[in-house]
Amino acid sequence: MKFEKHFPAERLRPYIKYVVVSENDMESEYKVLPSAGLVIGFQYKGQLASVKNNAESKLSSAGITGLTDSYKIFKNSANIGTILVYFTEIGFTHFASHPAHELFNLSLSLDDIFDKNEITEVEEKLAIASTDKLRIKIVEQFLLSQLKDRQTDKLIVEAVKLIYGSNGTIRIKELNGRLCISQSPFEKRFRKVVGTTAKKFASIVRFNAVLDNLNETKTLTEICYENNFFDQAHFIKDFKQFTGDTPENFKRLL
């Protein structure tokens, strides 16, 4: 199995965290946990399906997954190869006219967002590309062709920083106060750029902070209260929504 991260071309770095080349010779089913940015995938070989209630739904070879507040299960065919593009928290809106929140909890075909002929052209080039370097270049050229001359919403960038600075525990009322903006216009701007409400985004950031804590020697009780959960029942309920498992069972599998 291969999962190699590559930093994107300089011009794409404000909007894309990294590009991944992922390959797996074996058929496998796996769980993807919520993260803080949208993801594009191009399968240059093999097939991917989403799994829900034990039913498989084949996904198109070029797709996009929005922010999600729960885990997703995928199943790949044997001998699969994928280029994955991980956007920054504010990155997606610099490439598409769709508001990011319209993709919340969805995995869509990429031609629902971009021109179908352009997507087909990328897929055809990827199918005959012989190296990872060339595949990454093809995907980057596509992204650069879609990059729009659009101002970054600096207030939303600052909001994202504040949420990360508190590990997702900042209250939205405090966030509005520190940014000097009322809740309604703030939420509208945040959802459009980031892909969900500030409150839900903060809960995703907090969840990922909890995941980092699980790798440490802290007890679950310490992790619960350090991350500002009201009590252990609330902590367990939230964790199960994000992972489908209890913190105790999840930690045991690490």
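At what angle do the axes of helix α4 and helix α5 cross? The legends below, which describe a predicted model, begin with this pair.

**Figure 1. Crossing of helices α4 and α5 in the predicted model.** Helix α4 spans residues 172–179 and helix α5 spans residues 183–194; their axes come within 10 Å and cross at roughly 95 degrees. Because angles of 65 to 115 degrees count as roughly perpendicular, α4 is placed in that class relative to α5. On the α4 side, the contact is made by I172, L175, N176 and L179, and on the α5 side by Q183, F186 and E187. By residue class, the contact of α4 with α5 comprises four nonpolar, two polar and one charged.

**Figure 2. The largest nonpolar core.** This core contains 66 residues, and those with the most contacts inside it are F42, F186 and F190. Helix α6 (residues 198–214) supplies the largest share of the core, nine residues. F186, one of the residues with the most contacts inside the core, is also one of the α5 residues in the contact with α4.

**Figure 3. Surroundings of F42.** When neighbours within four places in sequence are left aside, F42 is in contact with S61, A62, G81, T82 and I83, and also with L110, V122, L126, V139 and F142. F42 is among the residues with the most contacts inside the largest nonpolar core.

**Figure 4. The open four-stranded sheet.** The strands follow the order β3-β8-β5-β6, with antiparallel pairing. Strands β3 (28–32) and β6 (55–58) stand at the edges; each has a single partner strand, so one side of each is left without a neighbour in the sheet. On average, and with direction ignored, neighbouring strands of this sheet are turned by 35 degrees against each other.

**Figure 5. Pairing of β5 with β8.** Strand β5 (residues 48–52) and strand β8 (residues 72–76) run antiparallel and are joined by four bridges. Within this pairing, L48 stands opposite N76 in β8.

**Figure 6. L106 in the loop between β9 and β10.** The loop that holds L106 lies between β9 (80–87) and β10 (107–109). With neighbours within four places in sequence left aside, L106 is in contact with I64, T65, G66 and K72. L106 and L67 are 39 residues apart in sequence, yet their C-alpha to C-alpha separation in space is 7.8 Å.

Methods
Residues are numbered from 1 along each chain as its sequence is written. This is a predicted model: local features need pLDDT of at least 70, side-chain atom pairs count only at pLDDT 80 or more; totals for chains, interfaces and linings use all residues. Side-chain values use heavy atoms; hydrogens and water are left out. A nonpolar core is a set of buried Ala, Val, Leu, Ile, Met, Phe, Trp, Tyr and Cys residues joined through side-chain atoms within 4.5 Å. Buried means under 20% relative accessible area, exposed over 50%, partly exposed in between (1.4 Å probe, protein chains only). Helices (H or I, at least four residues) and strands (E, at least two) are DSSP runs, numbered from the N terminus. Contact means heavy atoms within 4.5 Å. Two strands pair if DSSP finds at least two bridges between them. Axes are lines fitted to C-alpha atoms, for helices over the stretch in contact, and angles run from 0 to 180 degrees between N-to-C directions. Angles under 35 degrees count as roughly parallel, over 145 as roughly antiparallel, 65 to 115 as roughly perpendicular and the rest as oblique. Ala, Val, Leu, Ile, Met, Phe, Trp, Tyr, Cys and Pro count as nonpolar, Asp, Glu, Lys and Arg as charged, and the others, Gly among them, as polar.
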